[in-house]
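Student: I am new to this structure and would like to go through it step by step. Where should we begin?

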Amino acid sequence: MRWEGLAGLKGMAWVPAESAVEELMPRLLPVEPCDLTEAFDPSVPPRTPQEYLRRVQIEAAQCPDVVVAQIDPKKLKRKQSVNISSVNKHRSHWKSQQLDSNVTMPKSEDEEGWKKFCLGERLCAEGAIGPATNESPGIDYVQIGFPPLLSIVSRMNQATVTSVLEYLSNWFGERDFTPELGRWLYALLACLEKPLLPEAHSLIRQLARRCSEVRLLVDSKDDERVPALNLLICLVSRYFDQRDLADEPS
């Protein structure tokens with residue numbers, strides 16, 4: 001049995017080619033039988049709806065009943081990987097971009113400086129709760145933290161990326177998940193180069209476990225933290241090949 005579809009009307013009516021099928025499934029659009037030997041010139045626009053439908057029949061009749069895709073098996077054997085970031089590819093370009101005057105990146109060993117830089121002084125301050133009060137018309141990144149812009153993370157070598165990932169993972173180990181933290185954790189994972197250094201390998205596993213712990217404490221699946229936690233777990237388990245930490249398929 002062959003079925004002919006209306007070209008250009010995806011998801012619309014489908015018309016059986018053999019008239020014997022009409023007893024089981026009538027045609028949705030009644031069309032008179034056409035002469036399949038009629039010359040078909042797609043460059044000439046149809047003048048009536050009937051002529052359009054007849055041309056569709058002719059066009060469909062000229063299509064082969066079976067189409068075989070030509071697939072190169074060599075391409076299927078190549079190891080495929082997911083590129084979660086183009087940071088390394090375009091590092092030189094973004095590193096050459098000048099930072100704003102208010103951006104002062106801490107030294108690699110300055111743990112407190114990096115926590116404040118990434119998360120903001122307000123979030124890092126002891127006992128700071130509730131939303132920030134916007135007392136000035138501009139955005140105070142010192143208080144709310146600098147976002148992980150490419151012009152910033154491209155200036156971080158692998159040792160710095162690993163150190164900052166450790167600082168934020170330690171902070172996350174004793175506190176709740178926040179959007180500011182999630183953005184930086186994702187950016188740092190995107191900057192990690194494979195093969196991983198031993199210390200980075202341990203850090204990302206620690207991070208995935210902490211994300212799983214926090215996710216278990218979430219009351220509702222609609223919580224905005226859940227997708228972000230799922231993404232971090234997926235990156236660690238799938239992209240960095242820590243399969244034992246992956247979520248079981250539901």
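Student: Which residues of H8 are buried?
Tutor: This is a predicted model, in which local features need pLDDT of at least 70, side-chain atom pairs count only at pLDDT 80 or more, and totals for chains, interfaces and linings use all residues. Residues are numbered from 1 along each chain as its sequence is written, and side-chain values use heavy atoms, with hydrogens and water left out. Buried means under 20% relative accessible area, exposed over 50% and partly exposed in between, with a 1.4 Å probe and protein chains only. In H8 the buried residues are Gln158, Thr160, Val161, Thr162, Ser163, Val164, Leu165, Tyr167, Leu168, Ser169, Trp171 and Phe172.

Student: How far apart are the end C-alpha atoms of H8?
Tutor: Helices (H or I, at least four residues) and strands (E, at least two) are DSSP runs, numbered from the N terminus. H8 covers residues 158-172, which is 15 residues. The expected span is 1.5 Å times one less than the number of residues. For H8 that gives 21 Å, and the end C-alpha atoms agree with it, being apart by 21 Å.

Student: What covers the buried residues of H8?
Tutor: H8 is mostly covered, with 12 of its 15 residues buried. A contact means heavy atoms within 4.5 Å. The covering elements include helices H3 (91-95), H4 (111-119), H5 (121-124), H9 (179-191), H10 (198-216) and H11 (225-239).

Student: Which residues have the most contacts inside the largest nonpolar core?
Tutor: A nonpolar core is a set of buried Ala, Val, Leu, Ile, Met, Phe, Trp, Tyr and Cys residues joined through side-chain atoms within 4.5 Å. The largest one has 42 residues. H4, H5, H7 (150-153), H8, H9, H10 and H11 each supply at least two residues of this core. The residues with the most contacts inside the core are Leu168, Trp184 and Leu189.

Student: Which residues does Pro148 touch, beyond those up to four places away in sequence?
Tutor: Pro148 lies in the loop between H6 (141-144) and H7. Its C-alpha atom is separated by 9.3 Å from that of Glu180, 32 residues apart along the chain. The residues Pro148 touches are Val153, Arg183, Trp184 and Ala187.

Student: What kind of aromatic pair do Phe172 and Phe177 form?
Tutor: Rings of Phe, Tyr and Trp (its six-membered ring) pair if their centres lie within 6.5 Å; planes under 30 degrees apart count as stacked, over 60 as edge-to-face and the rest as tilted. The count comes to six aromatic pairs. In this one, both Phe172 and Phe177 are buried. The ring centres of Phe172 and Phe177 are 5.7 Å apart and the planes are at 65 degrees, so the pair is edge-to-face.

Student: Which residue lies over the face of Phe172?
Tutor: A charge sits over a ring if NZ of Lys or CZ of Arg is within 6 Å of the ring centre and within 35 degrees of the ring normal. For Phe172, at 5.3 Å from the ring centre, the residue is Arg210.
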